[in-house]
Amino acid sequence: MVAMTESTGQSAGDRQPLARHATLALLVLLLMVSVASLFVGATGISPMEVIGAVLAGEPIETSARVVILDIRLPRLAMGALVGASLAVAGVVMQGLFRNPLADPGIVGVSAGAGLGAITAIVLGGLLPSTVGAALGYALVPVAAFVGGGVSVVLLYIVSTRNGQTSVATMLLAGIALSAMVSAVSGVMIYLADDAQLRDLTFWGLGSLAGATWSKLLAAMPLMVLGLLGAPLLARSLDTLALGEIAAQHMGIDIQRMKRLAVVIVAASVGAAVAVSGGIGFVGIVVPHLLRLMTGPSHAPLILNSALLGASILLLADMISRVIVAPAELPIGIIMALIGGPFFLWVLIKRRGFAGV
Amino acid sequence: MKLSTFAFAAALTVTPVAGLADRVLSIGGSVTEIVYALGEGDRLVARDSTSNFPAEAVELPDVGYIRQLSAEGVLSVAPDLILMEGGAGPAETIDLLREAEIPMVEVADGYTPEAVEDKIRAVAKALNVRDKGEALAAEVRAQIAEARATVSEGVPRVLFVLSQASGRIMAAGEGTSAEAIIELAGGENALTGFQGYKQISEEAVMAAAPDVILMMDREGDHAVANDELFSQPAFASTPAAEGERVVRMDGLLLLGFGPRVGEAVSQLAAALHGDEG
């Protein structure tokens, strides 16, 4: 809250050069992390083996090809996109709700996606075999995406009256929806057998392990759409920090902005959660951290959040791959393990400065 | 192990011949047990987290949970053969491993003596030790037959209690491995009407009227002493409470349906039909 209210005042301008420097630094960080993530894994295989083989015009050894090109590369792209999407969706939601604690889950995407995934895991076997065969193991991600989308649309309809969407209603309806979703999830958990229980527990912990090219190609357009659409909201979100009425007086089409924000978050978070499961903290910690460092102006905040979100998720994924190798620790655990204490530390440190 | 020079050379080529695999990854507790029971444990290079028996297996690198395998993790132990219990996954990982041209053998699961014999034969075939497989399968069959021969008249009703954490009773319904082993040992599952392991009410325990309570023998707070068990009204009013008939067995042995299934049946049968008390 503090960061946001002081935002539109005099301080925004002061930190613009800082934000630009941050963008440059974060770009370098993302680049370094991306390259590193191609080198890190349970097998000692190095991407140089692939590059060397290509340069020498020799056939690439099967194991090197599979590990670098089919495992680490799609995983790199997926991690960067998911991290960026979650962080940017966090910025958009926090701006829209004018609350730094809002996260993408607040509009019901995560809960809905979770329900979709759980239902698919438990009841997937009941589908007519033709449908099941056609979807194959895309069933769970597709169900998660549909679940996320349906809940957002539902929330939007509930909280919109006479062409006006009430953010407060949306927030409350989101809580109601989450309660209903967890009830239905509970029924599914009750129906699940042991193996399905393990599956859905792991789904909730999140992982990039299932990143394949086909999954990436399916999810990428939606995440890219969200990432490209978000900057369009930057100016409106800046103005919205003054309050809805003030923003309206300043000529912002609030309703159009809300609709766009909801669509962006539904598409990008829906796709991200569908392919990676439950990964928390990115959406709250990344924007908050950047707001503390470089100020709340939304244009640089969105860009920087995308870069930092991608980098952090890739870093966490590297840890998840090697910390218990040859097994893998779900990335959601690592994000919470690192993100939680780090966030607390930032808050404590800041409290000292602000004298709150 | 007898290997001709030719065969040895073949083993070193890039595409390994399944029959000569000596870097075997075993996924699934019962499959790993079978590999050791066949005396081929030294050919294993890694296992999954469900493979906890025998003790040597635990020393091997662990590639994670059977349904949550990481493709690169599996590749990192450089297996030239992967033995998988049914249900190993996820499918994405299996696809990637197939693409990496690693021979994989899926061993079908099942809760019958025949299924265990088939499992043993499948593993033995994959490891190219068919004779040992036939011998082990015959041994298991003989063990079960012998155990069942000692089963006396009367079919005790057995309630398998999976856990009792904070007073919630999780028990075995139909189609479970617990039910299968109880029936093999000449008992009947006291609980019917639902599939799998579920939480049941105290009244359901009373309605099931078990003659014997079967539990897993484990350390820590899951282990419930007889006194504590029968101090609960639900259990106190069951036939099992008279004479405090509680059987505790090692979980992996009891429910594993691996090569020790014969041992499990004979232990359980002895406990169910032996002298009361």
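**Close-up views of a predicted two-chain model**

**View 1. Chain B at a glance.** Chain B is built from 13 helices and 10 strands. Please keep in mind that this is a predicted model. Of its 277 residues, 43% count as buried. Among the contacts in chain B with a separation of 6 or more, 58% are made by residues 24 or more positions apart.

View 2. H7(B) covers residues 130-149, 20 residues in total, and spans 28 Å from its first C-alpha to its last, close to the 28 Å expected at 1.5 Å a residue. Look for B:Gly133, B:Leu136, B:Ala137, B:Val140, B:Ile144 and B:Ala147, the buried residues of this helix. These residues sit on the same side of H7(B) because they cover an arc of only 100° around the axis. An α-helix has 3.6 residues a turn, so residues three or four places apart point the same way. The other side of H7(B) carries the exposed residues B:Asp131, B:Ala138, B:Ala142, B:Ala145 and B:Ala149. For the packing partners of the buried residues, find helix H2 (29-37), helix H6 (113-126), helix H8 (177-184) and helix H13 (261-273) of chain B.

**View 3. Two cis peptide bonds in chain B.** B:Phe53 and B:Pro54 are joined by a cis peptide bond with omega of about -10°. B:Pro54 belongs to the loop between strand E2 (44-47) and helix H3 (55-59) of chain B. The peptide bond from B:Gly89 to B:Pro90 is also cis, and its omega is near 0°. To find B:Pro90, go to the loop between strand E3 (81-85) and helix H5 (91-99) of chain B.

**View 4. Two residues of chain A with positive phi.** A:Arg98 is not a glycine, yet its phi is positive, about 50°. This residue lies in the loop between H5 and helix H6 (109-123) of chain A. With 17 other C-beta atoms within 10 Å, A:Arg98 is partly exposed. A:Phe281, again not a glycine, has a positive phi of about 75°. You will find A:Phe281 in the loop between helix H14 (254-276) and helix H15 (282-294) of chain A. A:Phe281 counts as buried, with 23 C-beta neighbours inside 10 Å.

**View 5. Where chain A meets chain B.** The contact draws 24 residues from chain A and 27 residues from chain B. On the side of chain A that touches chain B, helix H5 (62-97) and helix H10 (194-205) are the elements giving two or more residues. H5(A) gives the most, with six residues. By residue type, this side of chain A has 11 nonpolar, six polar and seven charged residues.

How values were computed. Residues are numbered from 1 along each chain as its sequence is written. Chains are lettered from A and ligands numbered from 1 in the order in which they are written. This is a predicted model: local features need pLDDT of at least 70, side-chain atom pairs count only at pLDDT 80 or more; totals for chains, interfaces and linings use all residues. Two residues are in contact if their C-beta atoms, placed from the backbone, lie within 7 Å. Helices (H or I, at least four residues) and strands (E, at least two) are DSSP runs, numbered from the N terminus. Ala, Val, Leu, Ile, Met, Phe, Trp, Tyr, Cys and Pro count as nonpolar, Asp, Glu, Lys and Arg as charged, and the others, Gly among them, as polar. A residue is buried if 20 or more other C-beta atoms lie within 10 Å of its own, exposed if 12 or fewer, and partly exposed in between; C-beta atoms are placed from the backbone. The expected span of a helix is 1.5 Å times one less than its number of residues. The arc is that of the directions from the helix axis to the C-beta atoms.
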